Amino acid sequence: MIHQPKLAQWQGAFKDSLLDVGVSPYNGFTYDHIHGTKVGGTLFDRFGRRHTAAELLASANPKMLTVLVYATVQKVLFDQTGRRSTAMGVIFKDENGNQHQAFLTNNRRSEVILSCGAIGTPQMLMLSGIGPKAELDKLNISMVLRNEFVGKGMADNPMNSVFVPTNRPVEQSLIQTVGITKTGVYIESSSGFGQSQDSIRCHHGILSAEIGQLSTIPPKQRTPEAIQAFIKRKRDLPHEAFKGGFILEKIARPISTGHLNLVNTNIDDNPSVTFNYFHHPHDLQRCVDGIRMAAKVIQSKHFTNFTRCDKPTVEKLLNMSVKANINLIPKHTNDTKSLEQFCKDTVITIWHYHGGCHVGKVVDPDLKVLGTNRLRIVDGSTFNESPGTNPQGTVLMMGRYMGVKILRRRLGKAAHV
Ligand SMILES: Cc1cc2nc3c(=O)[nH]c(=O)nc-3n(C[C@H](O)[C@H](O)[C@H](O)COP(=O)(O)OP(=O)(O)OC[C@H]3O[C@@H](n4cnc5c(N)ncnc54)[C@H](O)[C@@H]3O)c2cc1C
């Protein structure tokens with residue numbers, strides 16, 4: 001499923017620039033996260049076709065599997081008559097909005113496995129009565145099990161980017177090359193989104209998730225007017241600013257973490273999530289180091305020879321990036337003078353949020369929900385940290401690892417996977 005990419009010219013120039021400014025050694029094509037510069041795997045095959053997790057269904061035994069699309073689980077049901085609460089099944093709504101209940105079989109080994117993701121799973125646990133007392137009391141949710149850690153330790157690897165001007169047309173390229181510094185800063189690049197207005201909106205990362213970037217704004221300030229103004233700004237972006245590409249840097253294993261809170265008891269409504277980007281000075285310092293490194297990369301001869309641009313000043317680079325207004329955070333006059341302020345004001349998500357149901361706090365090492373029977377969580381909400389580059393491969397491997405382990409236990413085989 002994961003392939004070696006054919007390196008785009010832009011990515012080649014980026015690789016040489018990274019090595020030029022000291023992000024070395026060159027580790028070639030590898031899945032390992034090791035210091036230096038490398039080329040990572042991609043879900044695009046050599047024909048340019050993207051492969052997805054849905055393809056794994058082709059390997060499943062259709063007689064043993066029922067997939068309900070557009071079904072939304074409302075809550076987990078528990079039998080509370082025993083010493084520990086035991087999951088019995090779920091209530092779900094089908095695509096027509098009709099409500100159903102699904103129950104586990106009598107086989108003691110069957111269980112409910114939640115995989116609603118880092119935002120959906122803590123929300124689901126709380127709506128089902130497992131969570132911090134104050135949070136459940138706030139919405140009159142009857143408590144099944146008190147656990148103050150549900151929805152805590154939410155983390156997102158913060159991302160900041162610097163736009164790269166060019167004087168030549170550049171092909172579109174997704175992230176292929178990555179520079180990994182010793183302090184856990186990941187430097188990546190993507191190019192070629194000035195070719196059409198559409199590609200500005202659809203391009204991976206920075207510009208595509210207009211709504212996603214709203215996560216950088218405190219929920220209470222996300223009024224309909226603010227959202228409309230934000231989207232309008234995106235439509236009015238100056239094309240010249242996006243003729244080239246951008247270099248992004250993101251921080252692996254942020255020390256700053258946040259929390260998830262319910263807004264109401266409707267599963268269809270998003271909970272409120274606060275990541276506290278850069279609250280810890282070490283995270284901020286790493287961002288500053290990463291931006292410095294990104295600027296050096298852009299100024300390196302390899303890149304200026306490729307982009308056919310004069311060596312841009314750091315101030316010009318930052319100014320272009322601030323002007324792109326990629327989030328709703330109010331900007332400051334010293335954004336181009338203070339790298340700390342630049343980091344705080346231009347931070348966005350790269351959607352690698354995780355946590356909220358940590359091992360040892362909400363689930364045990366087998367990912368079973370502590371204090372309950374027949375309930376497990378298999379998704380990114382159990383991660384203490386997310387891989388520095390992209391988490392999807394790790395999440396898929398966790399799914400397979402747990403699937404094989406559970407199956408072997410059910411069949412009474414040794415649990416080595
Ligand atoms: C826009 C975007 C781009 C990304 N790009 C990349 C990338 O290029 N490479 C990469 O490695 N990672 C990427 N990621 C991150 C990656 O997708 C996630 O880290 C990963 O999917 C997390 O896996 P998960 O199983 O924890 O949750 P998810 O993949 O989010 O799965 C949770 C699933 O549960 C469903 N669900 C939630 N609540 C309910 C409910 N109540 N009832 C029924 N179903 C429910 C959701 O619809 C969803 O399908 C991207 C993420 C986003 C949002």
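**Reading sheets and helices**

Analyst: In strand β13, Gly245 is the bridge partner of Val164. This is a predicted model, in which local features need pLDDT of at least 70 and side-chain atom pairs count only at pLDDT 80 or more, while totals for chains, interfaces and linings use all residues. Residues are numbered from 1 along each chain as its sequence is written, and side-chain values use heavy atoms, with hydrogens and water left out.

User: How many bridges join β10 to β13, and how do these strands run?

Analyst: Strands of a sheet pair through backbone hydrogen bonds, either parallel or antiparallel. Here 6 bridges join β10 to β13 (residues 245-251), and the two run antiparallel. Strands are DSSP runs of E with at least two residues, helices are runs of H or I with at least four, both numbered from the N terminus, and two strands pair if DSSP finds at least two bridges between them.

User: Which strands make up the sheet with mixed pairing, and in what order?

Analyst: This open sheet has 6 strands in the order β1-β2-β11-β12-β13-β10. Because β1 (26-29) and β10 (159-164) each have a single partner strand, they stand at the edges, and one side of each is left without a neighbour in the sheet.

User: Is Gly153 buried or exposed, and what does Gly153 touch?

Analyst: Gly153 is found in strand β9 (residues 152-155). Its relative accessible area is 18%, so Gly153 is buried (buried means under 20%, exposed over 50%, partly exposed in between, with a 1.4 Å probe and protein chains only). Leaving aside residues up to four places away in sequence, Gly153 touches Thr257, Gly258, His354, Gly355, Gly356 and His358, where contact means heavy atoms within 4.5 Å. Strand β9 belongs to an open, antiparallel sheet of 4 strands in the order β15-β14-β9-β16.

User: How are α6 and α9 placed relative to each other?

Analyst: Two packed helices are described by the angle between their axes and the distance between the axes. The axes of α6 (residues 281-299) and α9 (residues 339-346) come within 9 Å and cross at roughly 100°; axes are lines fitted to C-alpha atoms, for helices over the stretch in contact, and angles run from 0 to 180 degrees between N-to-C directions. The two helices are therefore roughly perpendicular, a term for angles of 65 to 115 degrees (under 35 is roughly parallel, over 145 roughly antiparallel, the rest oblique). Among the residues that meet are Leu284 and Ile291 in α6, with Leu339 and Phe342 in α9.
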